[in-house]
Amino acid sequence: MMIAWVLSLLTLLSILVMQLERSAALEVMSINTYLEAQKRFIAAEKALLECEQHLSNITVLANPNCHIESVGKNLWLISSKSNPKLETLIFLDEKTNIATRLNWRQNFE
């Protein structure tokens with residue numbers, strides 16, 4: 001009877017160790033996924049910011065990392081080419097060439 005009890009405890013402990021290993025592996029994968037997504041998000045935001053800063057002189061950008069489209073009177077829609085897709089609506093003052101960000105959103109596909 002004692003041997004069966006000891007074997008059942010060892011079995012339970014081995015299952016507990018396996019569950020802890022799986023949980024730790026999932027946590028590591030979750031952190032790596034979060035960090036990678038954060039890097040991509042920051043890169044997309046930097047691309048938008050670069051295009052926003054050079055909006056008054058678009059020809060300065062040799063290889064733009066964003067799509068720039070006019071949507072009306074002094075309004076420009078800038079969206080990133082990379083994932084995640086970010087979009088921002090910019091008002092460009094013709095007199096001062098100052099770009100003002102009106103709104104921002106993430107474009108889900």
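**Close-up views of a predicted model**

**View 1. Contacts of Ala-44.** Leaving aside residues up to four places away in sequence, Ala-44 touches Ser-80, Ser-82, Pro-84 and Leu-86 (contact: heavy atoms within 4.5 Å). The model is predicted: local features need pLDDT of at least 70, side-chain atom pairs count only at pLDDT 80 or more, and totals for chains, interfaces and linings use all residues. Residues are numbered from 1 along each chain as its sequence is written, and side-chain values use heavy atoms, with hydrogens and water left out.

**View 2. The largest nonpolar core.** This core has 9 residues: Ala-44, Leu-48, Cys-51, Leu-55, Cys-66, Ile-78, Leu-86, Ile-90 and Leu-92 (buried Ala, Val, Leu, Ile, Met, Phe, Trp, Tyr and Cys residues joined through side-chain atoms within 4.5 Å; buried means under 20% relative accessible area, 1.4 Å probe, protein chains only). Two or more of its residues come from each of α1 and β3 (85-92) (DSSP runs numbered from the N terminus: helices H or I, at least four residues; strands E, at least two).

**View 3. The disulfide of Cys-51 and Cys-66.** The structure holds 1 disulfide (cysteine sulfur atoms within 2.5 Å), with the sulfur atoms of Cys-51 and Cys-66 1.7 Å apart. The pair links distant parts of the chain, 15 residues apart: Cys-51 lies in helix α1 (residues 2-53) and Cys-66 in strand β1 (residues 66-72). The S-S torsion is about -115°, so the disulfide is left-handed. Cys-51 is buried at 1% relative accessible area, and Cys-66 is buried at 4% relative accessibility.

Technical notes:
Buried < 20%, exposed > 50% of the residue type's maximum accessible area, 1.4 Å probe, protein only.
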